[in-house]
Amino acid sequence: MAIEITARSLADTQPADMSPGEVVQPGELSGLPEKPVSVSRFLRRSLRWTRRNFSSRAKLLSRGEVVILSAPKSGRTWIRTFLCAYLCKRHGLEFTLQPGRYDHPGFPPVIFSHDRFEHRTKGNRWDRLRGKYLVPRRELRKAKIILLVRDPRDCFVSLYLQMTRRDPSADQTLKQKSVSELLRDKRFGIRGIVRAMNDWLDEFSGRKDFTIVRYEALRASPAEHFRDLLAVVGETTPDMSIFQETLEFARFENMQKLEAAGVFDSKILHPGDVRDPESFKVRRGKVGGYREYLSAEDQEYAAEALMELDPRLGYNS
């Protein structure tokens, strides 16, 4: 009953659309009021405008029954691997990391996007003007929204290592920056991550079909929270034999072995340098690992930045 991966099964994966968490319903969030936090009329108009996508890429970000949003390096490849492996096996389909590949009853179309973060950091002015990296507003209205969150300090360190050790297309100016310098960068630094997380929460926290998934809780108890995640996407009574197999398949250690062996025939799950563990897409996933990379001064700066993060997300203490 093994999950089979072939080169053909991954050939249609889109790198631009690719790049772990307690499942929390809005009313269960610590400190989250029953009523949505008010957003100014100006901000609401701004959100409506920036949700327009006039690019051809809008098709890749459309027709999803579930939209999973996150800042980079929040663990979405782990979630993506688990969901795709489970659903493909459940419906007798060949494994793929591109769930939109199948138009199959019971297989919900899932969109993964960095959305606002990429809108501010990727591409040129023309890309931003036409909203190339934004999930269109009309699509968000029809879909369930899942916000995957992780401690922004861990997100940042993992993003820094990806840009400097893994991504050959990263801007050379950014590649030459030290971790301290990039931490303070207006777009790619920790405040850019905080801003995106705040904006998503402001935009969606009033919706009944909005769910927050916390990486740290998923790492602590993957079986419990992956079951909750399946329920959100519509799989309320999972096949437990497939579920257990998929949990094993999506373990970090197993994904690292598959990536090192080149089983995933895709740039998304392929190390920048197989001899360099820091260049792997599936790196360590350690909670609190930022302390090994940031100096005491940098940690103090990051802690100050976290004071700007909405306390409902739970990373301020």
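Begin by selecting V67, L69, F156, I190, W200 and L313, which touch the most other members of the 44-residue largest nonpolar core. A nonpolar core here is a set of buried Ala, Val, Leu, Ile, Met, Phe, Trp, Tyr and Cys residues joined through side-chain atoms within 4.5 Å; buried means under 20% relative accessible area, exposed over 50%, and partly exposed in between, with a 1.4 Å probe and protein chains only. The model is predicted: local features need pLDDT of at least 70 and side-chain atom pairs count only at pLDDT 80 or more, whereas totals for chains, interfaces and linings use all residues. Residues are numbered from 1 along each chain as its sequence is written, and side-chain values use heavy atoms, with hydrogens and water left out.

Next, colour the elements that give two or more residues to this core, including strand 2 (66–70), helix 7 (152–166) and helix 10 (190–204). Helices (H or I, at least four residues) and strands (E, at least two) are DSSP runs numbered from the N terminus. Helix 10 supplies the largest share of the core, eight residues.

Now centre on I190. Leaving aside residues up to four places away in sequence, I190 touches P152, R153, F156, L183, Y301, A302, A305 and L306 (contact means heavy atoms within 4.5 Å). Another core, of 28 residues, lies apart from the largest one; among its members are I79, F107, L148 and M255.

Finally, visit two loops. G75 is in the loop between strand 2 and helix 3 and is buried, at 16% relative accessible area. T96 is in the loop between helix 3 (76–90) and strand 3 (110–113); T96 is buried, at 0%.
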